[in-house]
Amino acid sequence: MNLAFFLKPKSEVLYLYDDMSLAEALEALRSGGYSSVPVISREGLYVSTVSEGDFLWSLAQTDGAHLRLTPARAAEKLRLRDALRRDRNPPCPIDLAVESLLLRTTEQNFVPVVDDRGVFIGIVTRRAVLSYFLNHPAFGKN
């Protein structure tokens, strides 16, 4: 089975651009109501996934034993790409085996999907994969 069966296309997914300011990106995340979303380049390449915690830690500064937050004006100058962890939520190819997809969704709420050029084409949600297996004759309802 192809992942396209599970795919929520890019046109239906909230994603952010890596060159957005932290303030813009945080507002988009907040208004979308998600705790993490994919981040792509302006060329459409998948870069990483950003979470609420990434914003917090990129805006937090330590001064010895004290923690202080970056002023809002400074957050306008910081770029989202500077807050990203590159190893978070690696993408999978569209031809990934369903069994491998199931394993990936045990660790992540969604799996970013890319084409053979690394261009972001959408996500597969944990909900979609679980629903499939729960309704599959071999596992759940007949």
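Which strands each supply at least two residues of the lining of the largest pocket? They are strand E3 (36-40) and strand E9 (120-125), where strands are DSSP runs of E with at least two residues, helices are runs of H or I with at least four, and both are numbered from the N terminus. The structure is a predicted model, in which local features need pLDDT of at least 70 and side-chain atom pairs count only at pLDDT 80 or more, while totals for chains, interfaces and linings use all residues. Residues are numbered from 1 along each chain as its sequence is written, and side-chain values use heavy atoms, with hydrogens and water left out.

The largest pocket has a volume of about 210 Å³. Of the 13 residues that line this pocket, Tyr34, Ser36, Phe110, Ile123 and Thr125 are the closest to its centre. A pocket here is an open set of points on a 1 Å grid over the protein atoms alone, where a 1.4 Å probe fits, with protein on both sides within 12 Å along at least five of seven lines, and lining residues have an atom within 4 Å of a point; grid points are joined across faces, edges and corners, and the volume is the space filled by probe spheres set on the points. The largest share of the lining, 3 residues, comes from E3.

Asp18 is buried, with a relative accessible area of 10%, on a scale where buried means under 20%, exposed over 50% and partly exposed in between (1.4 Å probe, protein chains only). Leaving aside neighbours within four places in sequence, Asp18 is in contact (heavy atoms within 4.5 Å) with residues including Val39, Ile40, Arg79 and Arg81.

With Arg81, Asp18 also forms a salt bridge, the closest N and O atoms being 3.8 Å apart; the term requires a side-chain nitrogen of Lys or Arg within 4 Å of a carboxyl oxygen of Asp or Glu. Because Asp18 lies in the loop between E2 and H1 and Arg81 in the loop between helix H3 (72-77) and strand E7 (92-93), the pair ties together parts that are 63 residues apart in sequence. Arg81 is partly exposed at 35% relative accessibility.

By this rule the count comes to 4 salt bridges. One of them joins the side chains of Arg30 and Glu27 at 2.7 Å, N to O, and these residues, 3 apart in helix H1, are separated by about one helical turn.
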